[in-house]
Amino acid sequence: MLLSDTLSPACRGQLGNMISPLSLSPSFSSRPLRYAVLGAGFAGLSVTWHLLKKSPKEKEMRIDIYDEVGIGGGASGISGGLLHPYSPKAKLLWRGAECWKESLMLLNVAEAAAGLSGVVDSDDSFIVRRRGILRPAVNTKNLNVLTDNAQNCDASCRIETIDEDTAQKLVPNIHVPFNSAFYMPEAVNVHPLRYLQALFLACQDVVNESSTSSHGQKELYLLKKSVQSLLELEGEYDAVIICLGAKADMLPELSGRLPLRTCRGVIAHLQLPANIREEYPDYAPSILSDAWLAVQGSRSLYMGSTWEWKSRNSNPNVSMDEASRALQELLPKISAFYPAIRDWTFTKANAGLRAMPPLTAHGSLPLLGCVNNFVGENVAGKYWLFGGLGSRGLLYHAWLGNLMAQAVISCNEQLIPSELTAWKNINR
């Protein structure tokens, strides 16, 4: 069930082909600020929220979100949703503690907005499932690395080393090689599409609040259309923020100029057949290893993910052949620690095209910064890139959306850490 299915007809209408202006009061200044956000995934909706919250209260503002599919129509909407601040080796990622804190804050914002819309927190409509994440060790080397790094975990997202008996109390019948697993009780599982839809509702709430205040009025449009060239928007906006993931490279101004690697990933949805009574316990965590299980409910889960490097295929639909190959790859990895997966039935598969950033001394970091030099000389307005979130988009999106909004509003790239803009100095 999608969040939009639980909303009133009026709210569902707002999630349609185009969002009508939510505020049409006369301008109290020379003209409102106008921003274009390209993409309605993690990056696009995070920066939209922060632009609305951090813009000068007395200033009128209009934001146009461009996305040909709509909210969460790209890789963000079908991601696994397993959220924690660690690398596969259980090492705290660069700025991981800050990103973790900001992501939890934005999740709370979305849940509050959904709650105002009458959404119930249940297996059929949850946005955040707070049951933790369990990571079994897969070999001796992996065990030693995880054990060492777990000792330096962040206090707000603990990593506990547990034995097989303790692990089986969390997930009955789980197999734990080497009698050791690593449990993150504060880690969460997010339903990405519901989260993005709720975050958009939160943005609408900010706009609605502005209509009843004496400060500058805000407007928000969602335009279901693609932008073929950045120059189409020339002169219309004070700033254009490009949040298109892998599709950013398809813009002629940026094509071949971004140090991004593309990777197509397939995620399979499995259900427990009606004739099997032993369900996945409601209290049990999701599982992360060479492959992962993102639990949706006692009889529903997502399994992922494959990695098809250099793919350019952004089609979310998965053929039967592609789904069969994905199952052949993923099921042996899952059954190694959760043999009961063989009892579950495949129902469907979706795919997304990730935009993977280059490896740096600080890990694989997203790409941020002003890209006016890529667009052309003497262009009107500012063009910004917020991309390359890769497989860590859910962790990075909130903190980076905050930074990007501040940089856009102040027209000051120096507010962005140099580690995130250093990519522009490579091969230029």
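In which loop does Cys411 lie? Cys411 sits in the loop between H9 and helix H10 (418–421). The model is predicted, and its protein chain has 10 helices and 20 strands. The radius of gyration of the chain is 22 Å, close to the 22 Å that the globule rule gives for 428 residues, so the chain is as compact as a globular protein of that length.

**Overall dimensions and packing**

- Along the principal axes, the C-alpha atoms of the protein chain fill a box of roughly 70 × 50 × 45 Å.
- Of the 428 residues of the chain, 54% count as buried.
- Among contacts in the chain with a separation of 6 or more, 79% come from residues 24 or more positions apart.
- The accessible surface of the chain is about 18300 Å², and carbon and sulfur atoms account for 50% of this surface.

**Nonpolar cores**

- In soluble globular proteins, nonpolar side chains tend to be buried together.
- The largest nonpolar core in this model has 81 residues, of which Tyr195, Ile241 and Phe386 touch the most other members.
- Helix H9 (residues 393–410) gives the most to this core, contributing 11 residues.
- Another core, of 28 residues, lies apart from it and includes Leu270, Tyr280, Met303 and Ile334.
- Leaving out residues up to four places away in sequence, Ile241 touches Tyr35, Ala36, Val37, Leu38, Val47 and Leu51, and also Trp384, Phe386, Met404 and Val408.

**Helix H6**

- Helix H6 covers residues 192–211, and its end C-alpha atoms are 29 Å apart.
- At 1.5 Å a residue, the 20 residues of H6 should span 28 Å, which agrees with that separation.
- Of the 20 residues of H6, 16 are buried, so the helix is largely enclosed by the rest of the structure.

- Leu368 belongs to strand S19, which runs over residues 367–370.
- Its relative accessibility is 0%, and because buried means under 20%, Leu368 counts as buried.
- Beyond its neighbours within four places in sequence, Leu368 is in contact with Leu385, Phe386, Leu400, Met404, Ile416, Leu420, Thr421 and Trp423.
- One of these contacts is Ile416, which is 48 residues from Leu368 along the chain, with the two C-alpha atoms separated by 7.6 Å.

**Backbone features**

- Most residues other than glycine have a negative phi, and most peptide bonds are trans.
- The peptide bond from Gly304 to Ser305 is cis, with omega near -10°.
- Ser305 is located in the loop between strand S14 (300–304) and strand S15 (308–309).
- Lys310 is a residue other than glycine with a positive phi, near 70°.
- Lys310 is placed in the loop between S15 and helix H7 (320–335).
- With a relative accessibility of 75%, Lys310 counts as exposed, since exposed means over 50%.
- Cys411, in the loop between H9 and H10, has a positive phi of about 55° although it is not a glycine.
- The relative accessibility of Cys411 is 47%, so this residue counts as partly exposed.

Terms used: Residues are numbered from 1 along each chain as its sequence is written. This is a predicted model: local features need pLDDT of at least 70, side-chain atom pairs count only at pLDDT 80 or more; totals for chains, interfaces and linings use all residues. Side-chain values use heavy atoms; hydrogens and water are left out. Helices (H or I, at least four residues) and strands (E, at least two) are DSSP runs, numbered from the N terminus. Buried means under 20% relative accessible area, exposed over 50%, partly exposed in between (1.4 Å probe, protein chains only). Contact means heavy atoms within 4.5 Å. The expected span of a helix is 1.5 Å times one less than its number of residues. A nonpolar core is a set of buried Ala, Val, Leu, Ile, Met, Phe, Trp, Tyr and Cys residues joined through side-chain atoms within 4.5 Å. The radius of gyration is taken over C-alpha atoms; the globule rule is 2.2 Å times the number of residues to the power 0.38. Accessible areas come from the Shrake-Rupley method with a 1.4 Å probe; for residues, only the protein chains shown count as cover.
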